[in-house]
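Student: Please take a close look at the aromatic pairs in this model and at the parts they tie together.

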Amino acid sequence: MKRSKSNWLLLLPMYVFTILFVALPILYMFLLSFLSRAKVWGVDFTFTLDNYIRILEPLYLDTFWESIKLALLSTGVIVLIGYPYGYFMARMNAVWKRRMLLLIMIPFWTSALIRLYGWIIVFRSNGVLDKLLMGLHITEEPLKLLYTYPAVVVGMVYSLLPFMILAVYSSAEKLDFTLVEASRDLGASALKAFWTVSFKLTLPGLLSGVILTFIPSMGLFFIADILGGNKIVLVGSIIQEQMTKGRNLPFAAALAAVLMILTTLMLRLYKKLTGTSELEGLM
């Protein structure tokens with residue numbers, strides 16, 4: 001009896017935190033999304049579906065689609081870079097593992113905004129990249145890379161790549177590489193051994209990395225604003241604009257609710273592919 005009571009007391013802070021800072025804000029967001037914007041200021045407490053109907057307008061549907069396309073492209077590039085990095089890092093000795101992990105963690109010691117503004121110096125006309133390319137005689141004149149779609153993709157990849165690497169690394173580090181050696185001894189080629197053993201056993205880590213990169217990339221509007229120059233509008237950009245300039249909190253809440261539903265669908269797909277719960281896969 002005493003032990004069960006002590007366990008309940010230990011769990012109490014977690015329940016309080018979850019209710020106050022997760023459940024109640026989400027509930028408030030959904031309730032707000034069904035209200036109307038007041039004519040002068042604030043919210044009119046009248047039930048309506050107009051906010052969700054408005055999302056069906058071509059402007060907002062196109063924004064959702066562009067956000068999904070950018071997220072898919074960024075995640076694809078991140079997978080191509082992050083999976084090999086995390087996988088081979090797990091096969092290194094302890095000294096090199098620490099060194100590679102340090103390289104991944106160093107960028108987190110600096111503000112994300114400062115690091116993104118650093119890319120402006122790289123991409124701007126006659127910037128670092130232009131001088132390097134012209135110095136190597138690859139280009140003859142400055143390129144207009146800043147405030148373009150590729151610049152935003154680079155910013156997304158740069159910001160989210162560590163999450164993919166760490167997710168794959170944590171999964172690959174638990175892999176028993178003797179199973180790979182056994183498959184090679186039984187006649188499997190290196191490619192087949194990797195595909196049938198290594199890849200399948202590290203798939204949960206890869207999918208965790210996809211979740212950790214795809215979902216944030218749909219809402220990281222500040223990257224599109226800084227490197228895209230407001231030419232690329234994401235769902236997060238519209239939410240931020242509705243909350244600050246438009247003062248339309250119900251519509252912003254509806255956009256956030258739809259974005260959250262898409263996130264939930266991604267987590268459900270992850271659960272179906274891996275056969276685990278969302279929290280188990282992301283731990």
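Tutor: Buried means under 20% relative accessible area, exposed over 50%, and partly exposed in between (1.4 Å probe, protein chains only). At 27% relative accessibility, tyrosine 158 therefore counts as partly exposed. The model is predicted: local features need pLDDT of at least 70, side-chain atom pairs count only at pLDDT 80 or more, and totals for chains, interfaces and linings use all residues. Residues are numbered from 1 along each chain as its sequence is written, and side-chain values use heavy atoms, with hydrogens and water left out.

Rings of Phe, Tyr and Trp (its six-membered ring) pair if their centres lie within 6.5 Å; planes under 30 degrees apart count as stacked, over 60 as edge-to-face and the rest as tilted. The whole structure holds 15 aromatic pairs. In one of them, the ring centres of tyrosine 87 and phenylalanine 177 are 6.1 Å apart and the planes stand at 70°, so the pair is edge-to-face. Helices (H or I, at least four residues) are DSSP runs, numbered from the N terminus. Tyrosine 87 lies in helix 3 and phenylalanine 177 in helix 8 (residues 177-185), so this pair ties together parts that are 90 residues apart in sequence. Tyrosine 87 is buried, with a relative accessible area of 5%, and phenylalanine 177 is buried at 17%.

Tryptophan 119 and tyrosine 158 also form an edge-to-face pair, 5.5 Å centre to centre with 75° between the planes. Tryptophan 119 belongs to helix 5 (residues 112-123) and tyrosine 158 to helix 7, so the pair ties together parts 39 residues apart in sequence.

Ring pairs also link Tyr83, Tyr87, Phe88, Phe177, Phe194, Trp195 and Phe199 into a cluster.

Definitions and conventions:
Helix = DSSP H or I, 4+ residues; strand = E, 2+ residues; numbered from the N terminus.
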